[in-house]
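Biologist: I want to learn to read a model residue by residue. Show me one, and start with a single position.

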Amino acid sequence: MIALRRHLHAAAVLALVSLLTACGGTTINKDAAAIIGDLGANGVPAKLGTVYDENTDPNKLLGRPNGYLSKAEFTDSRVKADMAGSVEVFEDAGSAEARAEYIQTLGKTPMLAEYTYVKGNVVVRVDKSMAPSDAKGYEDALSKIVE
């Protein structure tokens with residue numbers, strides 16, 4: 001009976017490790033500004049805008065517990081707004097997924113809706129005024145950057 005319990009415990013631990021590894025996703029070691037440059041090099045007209053620090057971050061999440069490691073905004077000539085979107089880089093994929101889910105929950109209010117793409121530890125947020133096919137270009141570019 002004790003041997004069976006040990007085997008079940010070992011199997012449960014192995015399953016948990018496998019599950020966490022599968023959900024972990026890729027972690028890219030670049031900051032948000034570098035990723036915006038990479039987006040621009042991968043088919044979308046993203047241009048670096050504001051790069052935030054812990055004092056200027058409007059969400060007060062930069063460097064804080066459960067927050068992102070870096071955040072920057074970008075412009076896009078197809079959007080008339082001062083900001084077409086932003087990139088947030090997290091320590092791990094789980095934190096990025098949690099942030100994307102939170103943003104999508106807020107987006108159920110039409111005024112706060114936006115396109116949100118997550119890949120690995122990176123979240124790309126795109127203004128809702130962008131045409132869906134243009135916004136999809138950001139998702140495609142992100143998939144090339146974070147594999």
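Modeller: Take Lys 60, which is partly exposed at a relative accessible area of 42%. Buried means under 20% relative accessible area, exposed means over 50%, and partly exposed lies in between (1.4 Å probe, protein chains only). This is a predicted model: local features need pLDDT of at least 70, side-chain atom pairs count only at pLDDT 80 or more, and totals for chains, interfaces and linings use all residues. Residues are numbered from 1 along each chain as its sequence is written, and side-chain values use heavy atoms, with hydrogens and water left out.

Biologist: What is the phi of Lys 60?

Modeller: Start with the general idea. Most residues other than glycine have a negative phi. In Lys 60, phi is positive, near 55°. Asn 66 also has a positive phi, near 65°. Helices (H or I, at least four residues) and strands (E, at least two) are DSSP runs, numbered from the N terminus.

Biologist: Is Asn 66 buried or exposed?

Modeller: Exposed, with 73% relative accessibility.

Biologist: How many helices and strands does the chain have?

Modeller: Four helices and five strands. Along the sequence they follow the pattern α-α-β-β-β-α-β-β-α. The chain has 147 residues, and 33% of them count as buried.

Biologist: Now rings. How many aromatic pairs are there?

Modeller: The idea first. A pair of aromatic rings is described by the distance of the centres and the angle of the planes. Rings of Phe, Tyr and Trp (its six-membered ring) pair if their centres lie within 6.5 Å; planes under 30 degrees apart are stacked, over 60 edge-to-face and the rest tilted. This structure holds two such pairs. Tyr 68 and Phe 90 have ring centres 5.7 Å apart and planes at 85°, so they are edge-to-face. Tyr 68 lies in the loop between S1 (46–51) and S2 (70–76), and Phe 90 in the loop between S3 (85–89) and H3 (93–106), so the pair ties together parts 22 residues apart in sequence. Tyr 68 is buried at 0%, and Phe 90 is buried at 1%.

Biologist: How are Phe 74 and Tyr 138 arranged?

Modeller: They are stacked, 5.0 Å centre to centre with 20° between the planes. Phe 74 is in strand S2 and Tyr 138 in helix H4 (residues 132–145), so this pair ties together parts 64 residues apart in sequence. Both Phe 74 and Tyr 138 are buried.

Biologist: What does Arg 99 touch?

Modeller: Contact means heavy atoms within 4.5 Å. Not counting residues up to four places away in sequence, Arg 99 touches Asn 59, Leu 61, Tyr 68, Glu 88, Phe 90, Val 123 and Arg 125. Arg 99 lies in helix H3 and counts as buried, at 10% relative accessibility.

Biologist: At what angle do the axes of H2 and H4 cross?

Modeller: Two packed helices are described by the angle between their axes and the distance between the axes. Axes are lines fitted to C-alpha atoms, for helices over the stretch in contact, and angles run from 0 to 180 degrees between N-to-C directions. Here the axes of H2 (residues 32–41) and H4 come within 9 Å and cross at roughly 110°. H2 and H4 are therefore roughly perpendicular. (Under 35 degrees is roughly parallel, over 145 roughly antiparallel, 65 to 115 roughly perpendicular, the rest oblique.)

Biologist: Which residues of H2 and H4 meet?

Modeller: Ile 35, Asp 38 and Leu 39 of H2 meet Tyr 138, Ala 141, Leu 142 and Ile 145 of H4. These divide into six nonpolar, no polar and one charged. Ala, Val, Leu, Ile, Met, Phe, Trp, Tyr, Cys and Pro count as nonpolar, Asp, Glu, Lys and Arg as charged, and the others, Gly among them, as polar.
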